[in-house]
Amino acid sequence: MTDTVTSTPTPAPTPPPTKSRPGGSRLAGVLRLREFPVALALIVLVLVTYAANPLFLSPQGTKDLLLNATIMIILGVGQALVIITRNVDLSVGSILGLVAFGTGSLFANVPGIPIIAVFAIGLAFGAILGAINGLLVTLARVPALVITLGTLYIYRGLNNAWAGGTQYFADDRPDAFGALSVDTILGFPLITLLAVLVVVVVAIVMAGTRSGRDLYAIGSDPDAAKLFGIPVGRRVFIAFAVNGVLAGLAGVLYASRFNSVGATTGTGLELDVVAAAVVGGVAIFGGSGSVVGAAIGALLLTTITSALTALRVDKFWQQAIVGVLILAAIIIDRVASIRTARRLRLSEARDV
Amino acid sequence: GGGSESGGGSGTEGDQTITFIPKQLNNPYTDVVLGGGEEGAEAAGFASSAVVGPLDASASSQVSFINAETQAGTNVIVIAANDPDAVCSALEEARTGGAKIVAFDSDTNPDCRDVFISQVVAKEVALIQVELISEQIGGAGEIAILSATANATNQNEWIKFMEEELASNPDYADIELVAKVYGDDDDTKSFQEAQGLMQAYPNLKGIISPTTVGIAATARYLSTSEYKGQVALTGLGLPNEMRPFVKDGTVTEFALWDPAQLGYVAAFAGKALADGDLTGEVGETFEAGDLGEREIGEGGIVIVGPPTVFNAENIDDYDF
Amino acid sequence: MSDTKHTEMVEPTATSAVSADTTKTLRDEPRGRTGWARILLGRDAIMIYLLIATIVIAMISIPRFASPVTVGFLLLDVIPVLLIAMPMTLIIITGEIDLSVASIAGLTSALMGVLWQAGWDIGVVLALGLVVGVLAGAFNGFLVAVVGLPSLAVTIGTLALFRGLALVVIGDNAVANFPPELTAFFTSKIGATGIPTVMIGVLIIVVAFGVILHFTPFGRGLYALGFSTEAARFVGIHVARSKFWLYVASGGVSALAGIYWTLRYSSARSDNASGLELAVIAAVLLGGVSIFGGKGSIPGVVAGVLLIGTINYALRLGRVSDVVLIIVTGTLLIASVVAPSILDAVKRRRHDRRVRRELPQAQPSGSVSA
Amino acid sequence: MSQEPTTDVATPPPAVLALRHAAKTFGPVVALADGTIELRSGEIHALVGENGAGKSTLVKILAGLYHPDAGEFTVDGQPVAFRTVADSKAAGISVIYQEPTLFPDLTVAENIFIGRQPKGRSRLISRTRMRAEARALFERLGVPIDPDRIAEGLSIADQQIIEIAKAISLEAKVLVMDEPTAALSGVEVDRLFAVARGLRDRGAGILFISHRFDEIFALTDRITVMRDGRYIGTHDTASVTTPVIVREMVGRDIDQLFPKVEAEIGDRVLTVSGLSSAGVFSDIDFDVRSGEIVALAGLVGAGRTEVARAVFGIDGYDSGSVELLGRALRPRDPQAAIDAGIGFVPEDRRKQGLVMDLSVARNATLTLRNSLARFGLINGGRERAAAVEWTKRLQVKTGSQEYAVSTLSGGNQQKVVLAKWLATEPKLLIVDEPTRGIDVGTKAEVHRLLSDLAGRGIAILMISSELPEVLGMADRVLVMHEGRITARLDRADATPEAVMHAATATREHTE
Ligand SMILES: Nc1ncnc2c1ncn2[C@@H]1O[C@H](COP(=O)(O)OP(=O)(O)OP(=O)(O)O)[C@@H](O)[C@H]1O
Ligand SMILES: Nc1ncnc2c1ncn2[C@@H]1O[C@H](COP(=O)(O)OP(=O)(O)OP(=O)(O)O)[C@@H](O)[C@H]1O
Ligand SMILES: [Mg+2]
Ligand SMILES: [Mg+2]
């Protein structure tokens, strides 16, 4: 028999037979985490590459790995927030581009502007762009995919119109600003620590606060969320705005790390970011997954490129391998959820 | 002048039009080239000049711009091809409509243009870069090339000459070319390719990047990493972009021609073609304004000028 | 059992049953439109009016736009999007999506280049190109329809995979020397009409998809399963099978687009058609297909594709920068989904006013069952 | 007529909640023309009315989900205008909607406490406390549901129980329940009633909507009747009888609720032999003859729906066979079953029976899409004609054939489901809970319809959890318990005691 437990007509039974998980099975809990397979893949990848090419984990190698992942991690966290609410933001590449160019232009045109002010302005700029997405999605109640595909084009167009052929180079920015993405603490680049901080804060909010949990509820069933009285519009709007802020942060950091910012900065990033979240176990239709997973996904995707190069795998194979990895992640996720469902059925059948 | 027999919008000498189609809009190098081009167009006496082009440097995106120009009856189309063949049939159609085709910067298939205005002799560019890197690494060791897109005509031609030179010239016997990678003229991608090279080839001594985006991105990576000063870098770069890296010692020397001259000469070649003074035969000459007389060489190629080598001493004398 | 027998059977029930209509309606409230009004004022019709208006404005304001040459160049430009938009429309109507289409076109192109370079017969090259597209589509179809994975995620994966395979196949080479007769055919026009010859084939494909979607039981099923796969299953619709074949069709048509691309530009490269997927989806959505599935039509999508193509071409002819073009495209896309909800809001407001007029705010109830 | 409209009654305890003369329209449809309800604290108040009478609409106004077009609304005597559901919650109103609204990806505990999760010392959500509180709630309801299980895949009954747990945990002063018992079995209903009475005794006002009169009379203190979107009147439950209420609801007398007409029973249409599916059901053997109504009775969760799904081909099975008119049916192929002449009215009409966003017409002809085609192409004219014909025959009340079927009331939706299957002229009709959530008037109509169909020689397999329906309609009753058939009773032997005994079968019955 399957789960007849809940409807057995036997008179009110003694307390529910569910046992709280004893401490010993904490390991089993970890193994069942959605993030586990991705994290495992990442570890295996790094170890294999390290075995073949020890330079891969040299201080410089590690630093490069982390730096490469930093921007993607921040974008992945933001995207995960939005995807969890059953939306998507395809305009992040364009937002990043606009903010990065804005950062370059601030330094070039306002000599002596404090770095902290640039960060503040960049984040605010990102917030505005994200908020526009959020407003359009929530007020007009139209699908985010369409809206953000539209703003992907519009923001990119504005960036082109604003920048024209102008590019700002690393030289135009203060050394201290560039140093953010060069200096390290205990081998960790400063901006990577910033990204880790972002992950931790957002993860705590998502898991431990009511509004964070609301986002999951909304993604799980938006209609039910409305019936329930969750302020769906406000929450989704905030998710988009926060995603904008994070894309803005990524834009500022981009300007710190890379040489030039111009009209095309950040082009084509959107699908990579979504892929990072998906690889990290964020369900594309919302309701489940975590920002930690998305961050690990981002780290895995950026690491694979470096690893293949370090392993001297023919570069023509790299993209194909990334594709296989994305598919593998989705399939593993599905297998895991089928097994969870079976486990639930079995355990409830036993309870009869 | 002779009567040009343009079909669509035939122009008498007074109202001829010229349009520049670069690989991609909003690219600093291109902007310098186009600046020279528009100046040249005015000096050569075109009634109007325009710049149109795609925002991305993809192979086929230039075709619809060529089509639109064909239909607009433009007399001279000046193009830097993203793909030598993809633009061909569209250019053929433009020629049928009476337009003259000038390729510049990056050649099309020779069959579908009248002349090609080249920066410099391809081989000369290649040799200069090999020479520079050899000097910087002391004539021995592993080197790699970080190029633009895998299909870029001009880059591929230079790389071919470099490979030949490295193989045949006994001076370079101790230099080994270990890798060719492509940054797609994208800042981020070039940056990561440079980084990958360092890890994959721990003994790497030098990098040649024959593209302005690639050399700048690589320089930025080197200057922020422990490889600064360890790995030599040269190639083709814009002085304005490379200045900080020359000053901080990441890069000692690199080369480039004056991009503005490229556009300038192209405009005059277009004018001569449109007026019927030039047909594209080898040995013909035309007057290129301030830059004097130019001759059409083998394969319908016009050479603009020798490349300049930039270093800490002279870089402040240039502004482009 | 015959029809008439059946009628007799239920009729008595009907007559003896309650006939009170509990669904009261308001006076002078616009009812759901019927017949011609529905067609002439529908979403598709509006797209077509918009297209016609755009063409007329372009003809007036842009010199030389009104010419057969325009027709030729414009159509040549939109063919790949138009082709891929057909299966994409059906796929989106079922509530799925296919982001890998452009990569399949690129893979086809790369394979054609390599095979042709290796000296294979061009007929075989074309056939194999098509076969690889169909296989790629079947792979997507297997993962989405049979395994049941979310299509957005799957096709982001195959977007990378197929493009990666294209790179593996052809690397950084470009193959250009396809038979001139063939490449010439792909840009040739039908007489003096300016219409490209290949449009005949494209038209056949468009009509075929239109008929399948709008006039066959299969098409009816697609709308139903777009809204609810479970309810669709209960009326006998083969959900997995339908979706699988749509992805196969998408792969096949994407391969055709890849072949067209290769031969029109006479250039087989790994990056052909890259980024086309978003352009196709933008056009399909602009054409009135709901990204949530269940809504959309082929005429609307054709109008959407042509609208973007026309604006595109007109702006280029007018030497307006591509910057403006992408801003216009984005704005149109947003407007196309936001406008209906603004209209709805206006309608609701008008409705509320009418209601307040008709229903006195406090009327004594007193109504007792008689 | 014995009734005392409360509007006239001299002010006894003041109403904790009062909605008067409320109106709500959707486009041209007037869902609620003059809705009035007065709920006192410490009472259980029934709201009854035919399908489409506007009960759910009224509930959604109370919940703050709909904004009324007209009317006055007071809580504790103070006028209120809820803008969102949150406002009504804040005012102490807790609602169980007609359709369960769980978040499938969240755990059961989180589903109950979403938006008001207990916090720990760190001011973050404390999962331990949440789990413990959820467990305490289930104990109070007497049902063992694992609070850590995700809600995905729960049966409708479990979902409904979680809704109830959610609502009572709010300790609201007003609890509104829109057909909470529709998916529950007798035992669970009893427990719900006990809880409801407990809440009432603590002073809560409870608004209870149901189509089952036995429940209404067993539980409630007062009854408000609605018809056609209008308030008709309010009665003390003790001083009124079912016929009175029914007459007010439908505006006429209902004489015969279960008009079973004897039909001539013919040849075997459906033969099911040895059907087993591991862990779901086993050794199911039965047949249905033409003109016969066979009822599958049993408690919720006995596996009746699963058997029906396997017969129809929605689910597969491990062994056994299904034959229609002597020809074996292909497993897992509903289209083959339809072609062979089976129609299936599923239990969940919103998810399975209808494509809610498609028009009434399209829904009605979905089953016909193959037969409406000539040379593979569908004839639009014939399609429209078929839709009009069948919705007319079943008297579907709708503004237009083009309206989305989601805009119809529950009963009218069920009629559309029936219409689309009758249109296929089936030889065997499987109906799973055909009158779930359907009002008396329509229910009688559905019963008459089924009876008529049987009279015309159609074989009918009916699954129902309502004993009177089973006993009234069936020629033969098969009782299931834990995936097995535990009794086969002829009409004459089918007493309530016999059926219930087999449904709660002890070991000796199953072996
Ligand atoms: N969103 C909507 N759009 C249009 N019409 C609607 C909508 N919701 C309800 N209606 C209509 O309003 C009327 C009342 O519906 P309601 O759901 O309130 O009935 P009910 O009394 O709850 O019926 P049931 O007992 O079947 O649940 C019906 O005619 C229905 O078709
Ligand atoms: N959607 C579902 N997901 C998971 N389990 C389900 C689902 N529906 C039913 N079940 C479970 O399957 C078992 C058999 O249920 P089934 O619906 O067949 O019972 P039934 O006798 O038809 O009852 P009823 O029709 O009255 O609901 C029950 O334990 C039920 O909880
Ligand atoms: Mg209702
Ligand atoms: Mg059931």
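**Group meeting: a predicted four-chain assembly with one ligand discussed**

D:Arg123 sits in the loop between α3 (108-113) and α4 (127-141) of chain D. D:Arg123 has a positive phi of about 65 degrees although it is not a glycine. Is D:Arg123 buried or exposed? With a relative accessible area of 67%, over the 50% cut-off, D:Arg123 counts as exposed.Chain D has a second residue of this kind. Phi of D:Glu425 is near 50 degrees, again a positive value in a residue other than glycine. D:Glu425 belongs to the loop between α14 and β19 (428-432) of chain D.

Next, the ligand. Helix α14 (410-422) of chain D, together with β2 (29-40) and α1 (55-62), comes up again here: each of these elements supplies at least two residues of the shell around ligand 1. Which element gives the largest share of that shell? It is α1(D), with three residues. There are 19 residues around ligand 1, and those that come nearest are D:Asn51, D:Gly52, D:Ser56, D:Thr57 and D:Thr407. Sorted by class, the shell has 11 polar, five nonpolar and three charged residues.

On to the polar contacts of ligand 1. A polar side-chain atom of D:Ser56 is 2.6 Å from an oxygen atom of the ligand. Backbone atoms take part as well: a polar backbone atom of D:Gly54 lies 3.0 Å from an oxygen atom of ligand 1, and for a polar backbone atom of D:Ala53 the distance to a ligand oxygen is 3.2 Å. On its own, ligand 1 has 640 Å² of accessible area, and the protein covers 88% of that.

Now the chains against each other. Five pairs of chains are in contact, and chains C and D share the most contacts among them. Chain B and chain D, on the other hand, have no contact, and their closest C-alpha atoms are 38 Å apart.

One residue to look at between C and D is D:Arg309, in helix α9 (residues 304-312) of chain D. Why does D:Arg309 count as buried? Its relative accessibility is 14%, and the cut-off for buried is under 20%. Leaving out residues up to four places away in sequence, D:Arg309 touches C:Glu230, C:Arg233 and C:Phe234 on chain C, and D:Ile314, D:Asp315, D:Phe344 and D:Gln352 on chain D. With D:Asp315 there is also a polar contact of 2.8 Å between the two side chains.

Chain C itself is made of 15 helices and one strand. How many of its residues count as buried? The figure is 56% of 370 residues. As for contacts in chain C between residues at least 6 apart in sequence, 78% join residues at least 24 apart. The accessible surface of chain C is about 14,600 Å², and carbon and sulfur atoms account for 69% of it.

Within chain C, take C:Met112, in helix α5 (residues 101-117). C:Met112 is buried, at 0% relative accessibility. Its contacts, without residues up to four places away in sequence, are C:Val125, C:Leu126, C:Phe178, C:Ile259, C:Thr262 and C:Leu263. For scale, C:Met112 and C:Arg350 are 238 residues apart in sequence, and their C-alpha atoms are 59 Å apart in space.

Then the nonpolar cores. The largest has 319 residues, and B:Phe104 and B:Ile117 have the most contacts inside it. Which helix gives the most to this core? That is helix α4 (residues 68-93) of chain C, which contributes 17 residues. Apart from this core there is another, of 89 residues, including D:Ala419, D:Leu449, D:Leu453 and D:Ala494.

Back to B:Ile117 for its surroundings. Not counting residues up to four places away in sequence, B:Ile117 touches several residues, among them B:Phe104, B:Leu262, B:Val265, B:Ala266, B:Val302 and B:Val304. B:Asp105 is also one of the residues touched by B:Ile117.

A:Gln79 is in helix α3 (residues 59-84) of chain A, and A:Gln79 is buried, with a relative accessible area of 0%. What does its side chain reach? It reaches the backbone oxygen of A:Asp89, at 2.8 Å. Beyond its neighbours within four places in sequence, A:Gln79 is in contact with A:Val88, A:Asp89, A:Val92, A:Asn243, A:Val273 and A:Val274.

Key
Residues numbered from 1 in each chain as written. Chains lettered and ligands numbered in written order. Predicted model: local features only at pLDDT ≥ 70, side-chain atom pairs only at ≥ 80, totals over all residues. Heavy atoms only, no water. Core = buried A, V, L, I, M, F, W, Y, C linked by side-chain atoms within 4.5 Å. Buried < 20%, exposed > 50% of the residue type's maximum accessible area, 1.4 Å probe, protein only. Helix = DSSP H or I, 4+ residues; strand = E, 2+ residues; numbered from the N terminus. Contact = heavy atoms within 4.5 Å. Near = heavy atom within 4 Å. Polar contact = N/O pair within 3.5 Å; in protein donor to acceptor, adjacent residues only side chain to side chain. Areas by Shrake-Rupley, 256 points an atom, 1.4 Å probe, with all protein chains shown as cover. Nonpolar A, V, L, I, M, F, W, Y, C, P; charged D, E, K, R; others polar.
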